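This report describes the nonpolar core and the strand pairing of a predicted model. The sequence and structure are shown below.

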Amino acid sequence: MSSVFGKPRAGPGTHSAPLEVNLAILGRRGAGKSALTVKFLTKRFISEYDPNLEDTYSSEETVDHQPVHLRVMDTADPDTPRNCERYLNWAHAFLVVYSVDSRQSFEGSTSYLELLALHAKETQRGYPALLLGNKLDMAQYRIALGSHRAEEEPLLPPPESPWSLATSSFLA
Ligand SMILES: Nc1nc2c(ncn2[C@@H]2O[C@H](COP(=O)(O)OP(=O)(O)OP(=O)(O)O)[C@@H](O)[C@H]2O)c(=O)[nH]1
């Protein structure tokens, strides 16, 4: 650490300022966005939280040995994307969550992925986006709308999809 006029500044061998990353969690109501956010931040599943509250949380993380100041916005759109500028203009990356036991939740994620594609086109920037299937512990209770879909596999995105990931916020 060296000093100029009494002010500390980073020198060789010292840690640089943490990278700042804003992550918006998107998805239909009940997909498990709040539960996922709380679990990520506290490393455990907590049932006592206000699911209707839209809030932003901060966490200090280490990624590839680099300090990262992560801000997570747990959004609370009604049933479709609404007043999206608040998170589109804020976030550097997006996590679109759906619940594997809800076909509506899965189909609802389409509008978010389309919104993000449009946003990337309009701003001419690429944003990391991940589609995440939540509540894997509920896969046996999946609801398929339309009888012809009743025997289909769980609502999981194809594994080769570049932005797909499936998880359960109950399973570590
Ligand atoms: N079985 C199971 N239930 C879960 C899981 N994650 C969340 N839930 C439950 O699903 C319900 C909805 O979870 P929330 O986290 O409130 O969902 P949300 O997407 O934030 O919903 P909104 O705030 O309304 O947009 C709650 O009853 C949670 O306890 C999971 O992994 N497995």
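## Strand pairing

Six bridges join β6 and β7, which pair in the parallel sense. In this pairing, leucine 95 is set opposite leucine 130 of β7. Together with α3, the strands β6 and β7 form a β-α-β unit that is right-handed.

β7 is largely enclosed by the rest of the structure because five of its six residues are buried.

## Nonpolar core

The largest nonpolar core comprises 25 residues, and those with the most contacts inside it are Ala24, Ile25, Phe94, Leu95, Val96 and Val97. Two or more residues each come from β3 (19-26), α1 (33-42), β5 (66-74), α2 (85-88), β6 (93-99), α3 (103-123) and β7 (129-134). The element that gives the most is β6, with five residues.

Leaving aside residues up to four places away in sequence, valine 96 touches Leu26, Gly27, Ser109, Tyr112, Leu113, Ala129, Leu131 and Leu132.

## Helix α1

Which residues of α1 are buried? They are Lys33, Ser34, Ala35, Leu36, Thr37 and Val38. These buried residues of α1 pack against β3, β4 (55-63), β5, β6 and β7.

Glutamine 140 lies in the loop between β7 and β8 (164-166). Glutamine 140 counts as exposed because it has 8 C-beta neighbours inside 10 Å, and the limit for an exposed residue is 12 or fewer.

From tyrosine 127, glutamine 140 is 13 residues away in sequence and 33 Å away in space, C-alpha to C-alpha.

Note on methods: Residues numbered from 1 in each chain as written. Predicted model: local features only at pLDDT ≥ 70, side-chain atom pairs only at ≥ 80, totals over all residues. Core = buried A, V, L, I, M, F, W, Y, C linked by C-beta atoms within 7 Å. Buried ≥ 20, exposed ≤ 12 C-beta atoms within 10 Å, placed from the backbone. Helix = DSSP H or I, 4+ residues; strand = E, 2+ residues; numbered from the N terminus. Contact = placed C-beta atoms within 7 Å. Pairing = 2+ DSSP bridges. Right-handed = clockwise from strand over helix to strand, strands pointing away.
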